[in-house]
Amino acid sequence: MNEQKETIITVKNLVKKFGNFKANDNLSFEVFKGEIFGFLGANGAGKTTAIKILCGLWAPTSGEINVAGFDIYTQTEQVKKNIGYMSQKFSLYEDITVFENIRLFGGIYGLSRREIAQRATDLMRRLDLEHSRDKLISSLPLGWRQKLAFSVAILHKPKLVFLDEPTGGVDPVTRRKFWDQIYEAADRGITVFVTTHYMDEAEYCDRVSIMVDGRIADLDTPSALKGKYRVKNMNEVFLKIARIKPDEYNKLEPIYKVRKFK
Amino acid sequence: MKRFWGFVLKEFLHIFRDPRTMLILFGMPIVQILLFGYVITNEIKDIKIAILDQSKDPVTIELTNKIISSGFFILDRNIKNINEVEDVFKEGNVRQVIIFESGFGRKLKREGTANIQLIADASDANTANLVVHYTMAIINDFVREQNKLTGSPIQFIPEVRMLYNNELKGVYMFIPGIMAMILILVSAMMTSISIVREKELGTMETLLVSPLRPTQIILGKVTPYVALSFINAVTIIVMGNLVFGMPVQGSIILLLAESILYILLGLSLGILISTITKSQQNAMFISLFTLMIPTILLSGFIFPIENMPKILQWLSFFIPPRWFISIIKNIMLKGTGLMYVWKETLILIVMTSIFFGLSIRKFKIRLE
């Protein structure tokens, strides 16, 4: 895949400081069109800061950043129109109905009424939600809500979608199903930029970058990384990289600490 | 623009789907008006009075009987000396002392007029006011009867003294007060809560990533509350008029325009509160403590500003409802035009601009 390697995100020397603290320390990377790009790291490693900058939410301290063909400083409007976003916190409104949510976000992204109607019908048929059109989101099971939230995030057919820990707090089966949806989107040509701290999910990505202490410690395909560190899975890759920096260990999620001593 | 209206529509849906919000928006004003209205205009019953009759002639005895048999008053005691009045009040049971001048009946016969003094304990201003009004009504009734009987017009000249609270405000005070309180609560509290809710749920982030501009998001959040607060203002004016006979002497258009200005001020405060709070609960408490309590205590709504200590009087300069109450009292009761309330109006405009300026700055800083 990615034969032509057309880039959709270009980041050069991105720095973000909060006071004296460097949340993002000289990041440089590229994301190619159509790939699923995993953005890994422990909590506090700077993932969220980076994703917020790429989405145009925060201004970087310095660096050159181009997203979906637009400059993040001067063409923020254009960037926003061409990306989708879904965060860990659930992003649909619970007290309004399935269709009203679709209509709202369709409207916000400038779709016409006819486009909204058509895509809503499509989407509900695909997700098997036709009978829930006028149900409140709060009445849907979590798994469905999440699928719907993702579908709404790509309703305006963006070139690129950012998923910020989309599967946080979800059971493994639902997570697996959610990844099927991500693949589907990637098949339709949408580039997926996903942050996660589930290492099994890292295996599903085309390429992953691993952030430690505000820097990108490594970046490659999962199989290349496993080969390089001579381990069997991404979890061990992560631990090897983290072990390079002992301070970093304390910032790890408890789940990694347990596994480390197994 | 279309993006914006879709967003406003969603905000209306939130409001209409939430029974609690609806209740606060529409139930609260009505309940408050009725509550305050009836508490303040409540009928009086069995109020203890004392009488100092310096004449003891048939006219004063008959009038005394009429007052006591009305059912509103109980004669606690007869006093003999003007010096006792103070003591009677200090004991605390007696709310009113009625004093007939000496030679009351004789004077009445000869000159056609006589003096009655009504002294009320105005430490409870509203009761004092009522007590005096009731007594006067009885006395006037008595005068009418006498006129019919004798054919020659007589006149009592009642002199009213309010003890302990000379600057007694009228019962009409409460409608402007409630209007000031409800409008600022609804517009500031409800908007700050609804903005902070989006932060809490994480939907704010989704909105900020979308092509909607931050100003559009904020305007979209507040637009429904402008409309609903305006409906509230109209409800209060109409109810005040129909239920409690609160007049609107001045221009209704000016009154509504001033209300809109005041609503905008509330919204700007709401936005400001939302930029400094992280949870809905916080937003609510800050609104209640910084808006409702000062409105009740310092705006002149219940306690006359003139009677406050100097420091509190200065403090009340910074309380927006104080100016709004002054404006709408002028328009509703005195029928004055913008010429007379331009100063207050200007103060509200300046406050609104400052709050909007601050909240836009805060909102931008948060985005950085």
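Predicted model: local features only at pLDDT ≥ 70, side-chain atom pairs only at ≥ 80, totals over all residues.
Two strands are counted as a pair here if DSSP finds at least two bridges between them.

Strand 1 (residues 7-18) of chain A meets the definition with strand 2 of chain A, to which it is joined in the antiparallel sense over eight bridges. Within this pair, A:Lys16 stands opposite A:Asn24 of strand 2 of chain A. The two strands form a hairpin with two residues between them, and A:Gly19 in the turn has a positive phi of about 65°. Strand 1 of chain A also pairs with strand 4 of chain A, again in the antiparallel sense, over five bridges, and here A:Lys12 stands opposite A:Glu64. Strand 4 (residues 62-67) of chain A is in turn joined by two bridges to strand 5 of chain A, which runs antiparallel to it, and A:Val67 has A:Phe70 of strand 5 of chain A as its bridge partner.

Taken together, four strands of chain A form an open sheet with antiparallel pairing, in the order 2-1-4-5. Strand 2 (21-32) and strand 5 (70-71) of chain A stand at the edges with a single partner strand each, so one side of each is left without a neighbour in the sheet.

## Nonpolar cores

Which residues touch the most other members of the largest nonpolar core? In this core of 147 residues they are A:Ile9, A:Phe29, A:Val67, A:Leu148, A:Phe162 and A:Phe193. The element that gives the most to this core is helix 7 (residues 174-201) of chain B, with 17 residues.

A:Val67 can be followed in more detail: leaving aside neighbours within four places in sequence, A:Val67 is in contact with A:Ile8, A:Ile9, A:Leu54, A:Ile72, A:Val79, A:Ile83, A:Leu160 and A:Phe162.

## An enclosed helix in chain A

Of the 11 residues of helix 3 (residues 98-108) of chain A, 10 are buried, so this helix is largely enclosed by the rest of the structure. Among the buried residues are A:Phe99, A:Glu100, A:Asn101 and A:Phe105. The buried residues of the helix pack against elements of both chains, namely helix 4 (113-126) and helix 5 (142-153) of chain A together with helix 1 (2-17) and helix 8 (203-209) of chain B. Just after helix 3 of chain A, A:Gly110 takes a positive phi of about 80°.

Most residues other than glycine have a negative phi. A:Ala68 is found in the loop between strand 4 and strand 5 of chain A, and A:Lys157 in the loop between helix 5 and strand 7 (160-164) of chain A.

Chain B has 14 helices and five strands, and buried residues make up 52% of its 368 residues.

| Helices of chain B | Angle | Axis separation |
|---|---|---|
| Helix 7 and helix 11 (residues 280-298) | about 165° | 8 Å |
| Helix 3 (residues 58-68) and helix 6 (residues 125-150) | about 130° | 10 Å |

The angle between helix 7 and helix 11 of chain B makes them roughly antiparallel, while helix 3 of chain B is oblique to helix 6 of chain B. The crossing of helix 7 and helix 11 of chain B is right-handed, and helix 3 of chain B passes helix 6 of chain B in a right-handed crossing. Residues of helix 3 of chain B in this contact include B:Val59, B:Leu63 and B:Ile67, and those of helix 6 of chain B include B:Ile138, B:Ile139 and B:Phe142. Where helix 7 of chain B meets helix 11 of chain B, the residues of helix 7 include B:Ile184, B:Leu185 and B:Arg197, and those of helix 11 include B:Gln280, B:Leu288 and B:Thr295.

Conventions
Residues numbered from 1 in each chain as written. Chains lettered and ligands numbered in written order. Heavy atoms only, no water. Core = buried A, V, L, I, M, F, W, Y, C linked by side-chain atoms within 4.5 Å. Buried < 20%, exposed > 50% of the residue type's maximum accessible area, 1.4 Å probe, protein only. Contact = heavy atoms within 4.5 Å. Axes fitted to C-alpha atoms, helices over the stretch in contact; angles between N-to-C directions. Parallel < 35°, antiparallel > 145°, perpendicular 65-115°, else oblique. Left-handed = near helix turned anticlockwise from the far one by under 90°.
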